[in-house]
Amino acid sequence: KDMKDFVASIQKPRSVIILVKAGAPVDATIAGLLEHMEPGDVIIDGGNEWYENTEKRMEMVTSKGLLYMGMGVSGGEEG
């Protein structure tokens with residue numbers, strides 16, 4: 001299935017937890033989600049990312065009416 005089908009399968013308001021490798025993969029995942037999510041939905045980033053990148057993503061996502069929370073997991077996607 002694709003990102004559109006995934007997002008459509010979640011009950012509104014949606015909450016999506018992502019845990020992908022830091023950097024460009026996070027940005028690509030967020031961009032894909034934003035194409036299909038709606039204001040009031042939430043993206044929770046569980047990756048172990050530099051806080052300044054988290055703050056930039058939070059500003060970008062919230063400007064579209066969504067909520068974004070950085071919830072870094074020690075060790076990131078490799079735990």
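Student: To start there, how many bridges join strand β1 to β2, and do the two run parallel or antiparallel?

Tutor: Some ground rules before the answer. This is a predicted model, so local features need pLDDT of at least 70 and side-chain atom pairs count only at pLDDT 80 or more, while totals for chains, interfaces and linings use all residues. Residues are numbered from 1 along each chain as its sequence is written, and side-chain values use heavy atoms, with hydrogens and water left out.

Now the strands. β1 (residues 15-18) and β2 are parallel, joined by 4 bridges; strands (E, at least two residues) and helices (H or I, at least four) are DSSP runs numbered from the N terminus, and two strands pair if DSSP finds at least two bridges between them. In that pairing, valine 16 sits opposite isoleucine 43 of β2. On to the next pair: β2 and β3 (residues 67-70) also pair in the parallel sense, over 4 bridges, and here isoleucine 44 faces methionine 69 of β3.

Put together, that's an open sheet of 3 strands, ordered β1-β2-β3, with parallel pairing. β1 and β3 are at the edges with a single partner strand each, so one side of each has no neighbour in the sheet. On average, neighbouring strands are turned by 15° against each other, direction ignored (axes are lines fitted to C-alpha atoms, for helices over the stretch in contact, and angles run from 0 to 180 degrees between N-to-C directions).

As for β2 (residues 42-45), both of its faces are covered: Val42 and Ile44 on one side, Ile43 and Asp45 on the other, are all buried, meaning under 20% relative accessible area with a 1.4 Å probe, protein chains only.

β1, α2 (residues 24-34) and β2 form a right-handed β-α-β unit, and so do β2, α3 (residues 51-62) and β3. Right-handed here means that, with the strands pointing away from the viewer, the path from the first strand over the helix to the second runs clockwise.

α2 packs on the sheet, where it touches β1, β2 and β3 (contact is heavy atoms within 4.5 Å), and its direction makes about 160° with that of β1. α3, for its part, lies across β2 and β3 and runs at about 165° to β3. The axes of the two helices, α2 and α3, come within 12 Å and cross at roughly 10°. That is why α2 and α3 count as roughly parallel, the label for angles under 35 degrees. Where they meet, Val26, Asp27, Ile30 and Leu34 of α2 contact Arg57, Met60 and Val61 of α3.

α2 has Val26, Thr29, Ile30, Gly32, Leu33 and Leu34 as its buried residues, and they pack against α1 (3-8), β1, β2, α3 and β3. The largest nonpolar core has 13 residues, of which Ile18, Ile30, Leu33, Met37, Ile43 and Val61 touch the most other members; such a core is a set of buried Ala, Val, Leu, Ile, Met, Phe, Trp, Tyr and Cys residues joined through side-chain atoms within 4.5 Å. α2 gives the most to this core, with 4 residues. Leaving out residues up to four places away in sequence, isoleucine 30 touches Ile18, Ile43, Arg57, Met60, Val61 and Tyr68.

Conventions
Buried < 20%, exposed > 50% of the residue type's maximum accessible area, 1.4 Å probe, protein only. Parallel < 35°, antiparallel > 145°, perpendicular 65-115°, else oblique.
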